[in-house]
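The sequence and the structure are shown first.

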Amino acid sequence: MSDKDLRANYFDPCVLGAQTGPQTIIVRQVIGERTRQKVLDIRVQVPPQKPSIEQIVDVFVKDVKVNNVEVITDKVIVRGEFDIKAIYVACLPEQPVHAVEIKRYKWTQDIELPGARKGMDADASVSVEFVDYDVDEHSRAYKYKYGMDDCDDDDHHHHHHDHCHDDDDRCMREFSVSVVLKITAKVLTDREVTLGIADGTLPSGPKG
C-alpha cells in the first residue's frame, strides 16, 4: 500500500470535534448552599401512668431526620422530625428509674437561597448542635441539677424519706427541653454545557 493510500485511510482523533461539530452534555450544578440553625423549646409532660420526677438523669435527642425538602422562589423549605427521651429518678421511696419520650416531634425550617426556583432539585441534612433541659427552680430536680440538694443538709437529713419523696410541688410532672438543630440545604439543577467551542467559553443559562 502506498503512502497516499495510508494517508487516505488514516483517522485523526484530534480533529474529531472539528469533524462532527460542537457536542453538548448535561452537568449537575449547585445553585446555592446555606446552613441555618433551628432553635426549639419543647415542653415535656410525664404521662399520668408514670410517677413524678425527683431527679433528671439525662435528656437526649435521637432519630433526627429530614422528611421533605421543597424548593420555592429563592427559598428552600425543609421538614423533619426527631425523638426526645428523658431518663429520670422517680419521686418514690424506692427511687426507681423511669423514662419519658416524645416520638416524632415535627419541625420546619425555611432557608433563603437566591436563584432557587420551583421544580429544581434540593438536598438537605440535619444534625443536633445542642440539647439541655430546664426545670422549675422550686423543684427537687433543680436542686439536683445545680448541686443544691437541701435534703443532704444536717438539719434535714433525718427527714429525707418523708420530705424528699412526697409527691408534692417539689416533684415535677413537666419540664422543658431546648434543642438546637443545624440544617444545611442546597439547590441543584441540570445545565447544558457545549464542548468544542473555539474560545473556550461555556454557556451560563440552565437547560430549558
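Glu 174 and Arg 43 form a salt bridge in this predicted model, a salt bridge being a side-chain nitrogen of Lys or Arg within 4 Å of a carboxyl oxygen of Asp or Glu. The closest N and O atoms of Glu 174 and Arg 43 are 3.1 Å apart. Because Glu 174 belongs to strand S6 (residues 174–195) and Arg 43 to strand S1 (residues 23–45), the pair ties together parts that are 131 residues apart in sequence. Helices (H or I, at least four residues) and strands (E, at least two) are DSSP runs, numbered from the N terminus. Glu 174 is partly exposed, its relative accessible area being 32%, and Arg 43 is also partly exposed, at 46%. Here buried means under 20% relative accessible area, exposed over 50%, and partly exposed in between (1.4 Å probe, protein chains only).

The model is predicted, so local features need pLDDT of at least 70 and side-chain atom pairs count only at pLDDT 80 or more, whereas totals for chains, interfaces and linings use all residues. Residues are numbered from 1 along each chain as its sequence is written, and side-chain values use heavy atoms, with hydrogens and water left out.

The structure holds 10 salt bridges, including those tabulated here.

| Pair | Closest N and O atoms |
|---|---|
| Glu 174 and Arg 43 | 3.1 Å |
| Lys 103 and Asp 83 | 3.8 Å |
| Asp 132 and Lys 145 | 3.4 Å |

In the salt bridge between Lys 103 and Asp 83, the closest N and O atoms are 3.8 Å apart. Lys 103 lies in strand S4 (residues 97–112) and Asp 83 in strand S3 (residues 75–90), so this pair ties together parts that are 20 residues apart in sequence. Lys 103 is partly exposed at 45% relative accessibility, whereas Asp 83 is buried at 6%.

Asp 132 forms a salt bridge with Lys 145. This pair links distant parts of the chain, with Asp 132 in strand S5 (residues 121–134) and Lys 145 in helix H3 (residues 140–145), 13 residues apart. Asp 132 is partly exposed, with a relative accessible area of 31%, and Lys 145 is partly exposed, at 26%. Elsewhere, salt bridges that share partners join Lys 62, Asp 83, Glu 101 and Lys 103 into one network.

The largest nonpolar core has 36 residues, among which Phe 82 and Phe 175 touch the most other members. Strands S1, S2 (53–72), S3, S4, S5 and S6 each supply at least two residues of this core. A nonpolar core is a set of buried Ala, Val, Leu, Ile, Met, Phe, Trp, Tyr and Cys residues joined through side-chain atoms within 4.5 Å.
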